[in-house]
Amino acid sequence: MSAEAATYARPGEGEAVNGTALPLVVEHVAKGYDFNGKVVPVIADLSLTLRKGEIVSVVGPSGCGKTTLLNTLCGLLAPDAGRIRWHGRQVVGQPQNVGYMLQKDLLFPWRTALANTMLGLEIRGVAAAEAEDRSRAMLDQLGLHGFADHYPATLSGGMRQRVALARTLVNDPDVLLLDEPFAALDFQTKLLIENDMVSLVRKGGRSMLLITHDIEEAVSIADRVIVLTRRPTAVKAAYEIELGPDRADVISLRENPDFSRYVRRIWADLDVAIQ
Amino acid sequence: MTTDIETSMVDASKPAGSGPSPVARAKWTRLRFGIAVLATQVLVLAACLVLWERATPKGSPAAFMFGSPSAIAGFLMQMAQDGSLWRDAAVTGMETLLGFFMGNLVGTLLGLSLWYSRFVSRVVEPFVIALGSIPIIALAPIVIIWFGTGLVSKVAMSTLSVVIVALVTSYKGAVGVDGDQINLMKTLGASKFQIFRKLVIPASLTDIFAGLKLTVGFALIGAIVGEFMSSSEGLGHAIFKAGSLYIIPKVFAALVVTIVLALVLTWLVGKIERLLMPWRRQA
């Protein structure tokens, strides 16, 4: 496999670059589960970095511990070994200014779309009027104008995931951690939301780590794709995705001939056995 | 029931000027179903009453043993006229309401707060199971010794019948909250109290209301058992007295009032539920 565009994550790269620390540096993290008294290793040794304004996708064979990785990154699980540094600092508990989104929208059924969006601002004690204005504006930006007062039960799956995205983005996070957020949506809905999300993330200069099993999604969205090995997980390869200067339109990117080259190469890397 | 989206979608697809809209037709279908259910219920009840009346002619031994609908109706009229129906219903209703309120308040507060500490909830668990397995009737003699023969002892019986159920259902609701939702709250920087207030309490409402509906009956049983043991008024007293005097139709008459009281209280809880959980109405 030629690796013209492939670079591996460089551990130890966390020190200040150009005067600012990298948003996220993961160094030799390991994590296992206790199963009937035996420790089952899930993540063997994983290092990766996320630069400012960069979108990184992490793909891996199913069951490779992607979700464990995400929960470890956002401080819901403590790593057994290694270091996680946010903006150059190790954090105890939950890191600040990090948005978190899962495949499940996790909307609260008793809150309207607007009230769900306001959740994070409310928790941080932002004044109600300001929180409402910001949340309404965010819903509008995501194409949910007129649905602010709807309860989740009356919204479609795609709209619910848009509300979840609004709830994440309204807190103005530096870094977004996403775990297959659109996997449950149909293809068209997924493309449209991804497109909106990527343009908002790029416009805001935010960094994003997207965990997915969808290689096409990974390539179309990311500046860099990190391929994981089977359990116990480690980084197998990393690819810089170079698909021209305009990366905000993830739909037309898919027509780029290089797009399918990347997809094929990563597919080969994943080494999926076909029975 | 219909949402804005539904309505607008259906309206858009409706060809201009073609009779009643699909929405109106769907409404009519639902309404017809409801009427059919109600009519069948009334018919079944009427049939039972007619059979009962036929089997218990006036003056027969069967009428003495089992009463008859007409005799029951007669006692109901008489009790309504002499005012004892309203007085007994009011007394028992008050005892039930107070016991229902206190039992659920205490039980729900304890049940929800057990969410706070895994340690405390594990310590408390066997005690709750032990207390929950006590038949409340067995406590009646002690309750009367402690709280006297008046209103307080009935309210205490009613409260005791309710409190453990309320505790268990609300605790079940609280620990059943989706772990991912809790994680979401954590990543948003929520404190434990914020998670409790903004997630655990509202998420437990469904279970809490299921408990409320269940405990209406328990509160009523508690109050009536209390009245059985010692009282001078209330539906339990009326049932007990009529039973001791072998006036079977009067027992049934008091029972009918008890049933109506239970239905009214259950309906009220449902009303409050819809008021407090509007998102379930819209869904």
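Modeller: Start with A:Asp172, which sits in the loop between α5 (157-169) and β7 (175-179) of chain A. Keep in mind that this is a predicted model.

Colleague: What phi does A:Asp172 have?

Modeller: The phi of A:Asp172 is positive, about 55 degrees, although the residue is not a glycine.

Colleague: And which two residues are joined by a cis peptide bond?

Modeller: They are A:Arg231 and A:Pro232, with an omega of about -15 degrees. You will find A:Pro232 in the loop between β9 (224-228) and β10 (233-240) of chain A.

Colleague: Let us turn to the sheet. In what order do the 10 strands of the open sheet of chain A run?

Modeller: Follow it across as β5-β4-β1-β2-β10-β9-β3-β8-β7-β6 in chain A, and note that the pairing is mixed.

Colleague: Which strands stand at the edges?

Modeller: In chain A these are β5 (89-90) and β6 (98-101); each has a single partner strand, so one side of each is left without a neighbour in the sheet. Take β5(A) as an example: strand β4 (residues 81-86) of chain A pairs with β5(A) in the antiparallel sense, over two bridges. Within β5(A), A:Arg89 is the bridge partner of A:Trp86.

Colleague: Now for chain B. How is chain B divided?

Modeller: There are two parts, domain 1 (4-55) and domain 2 (72-282). The C-alpha centres of these two domains of chain B lie 34 Å apart.

Colleague: How do I describe two helices that pack together?

Modeller: Two packed helices are described by the angle between their axes and the distance between the axes.

Colleague: Can we try a second pair?

Modeller: Look at helix α7 (residues 140-147) and helix α8 (residues 151-175) of chain B, which pack at an angle of about 140 degrees with their axes 9 Å apart. That angle makes α7(B) oblique to α8(B). Here too, the crossing of α7(B) and α8(B) is right-handed.

Colleague: Which residues of α7(B) meet α8(B)?

Modeller: B:Ala140, B:Val143, B:Ile144 and B:Phe147 in α7(B) meet B:Val152, B:Ser153, B:Ala156 and B:Met157 in α8(B). This contact of α7(B) with α8(B) has seven nonpolar residues, one polar residue and no charged residues.

Colleague: Last topic: how many residues does the contact take from each of the two chains?

Modeller: Chain B supplies 17 residues and chain A supplies 18 residues. On the side of chain B that touches chain A, α9 (179-187), α10 and α13 (278-282) each provide at least two residues.

Colleague: Which of the elements of chain B gives the most?

Modeller: That is α9(B), with six residues. Sorted by class, the side of chain B that touches chain A has eight nonpolar, seven polar and two charged residues.

Methods. Residues numbered from 1 in each chain as written. Chains lettered and ligands numbered in written order. Predicted model: local features only at pLDDT ≥ 70, side-chain atom pairs only at ≥ 80, totals over all residues. Pairing = 2+ DSSP bridges. Helix = DSSP H or I, 4+ residues; strand = E, 2+ residues; numbered from the N terminus. Domains from an automatic or database assignment. Contact = placed C-beta atoms within 7 Å. Nonpolar A, V, L, I, M, F, W, Y, C, P; charged D, E, K, R; others polar. Axes fitted to C-alpha atoms, helices over the stretch in contact; angles between N-to-C directions. Parallel < 35°, antiparallel > 145°, perpendicular 65-115°, else oblique. Left-handed = near helix turned anticlockwise from the far one by under 90°.
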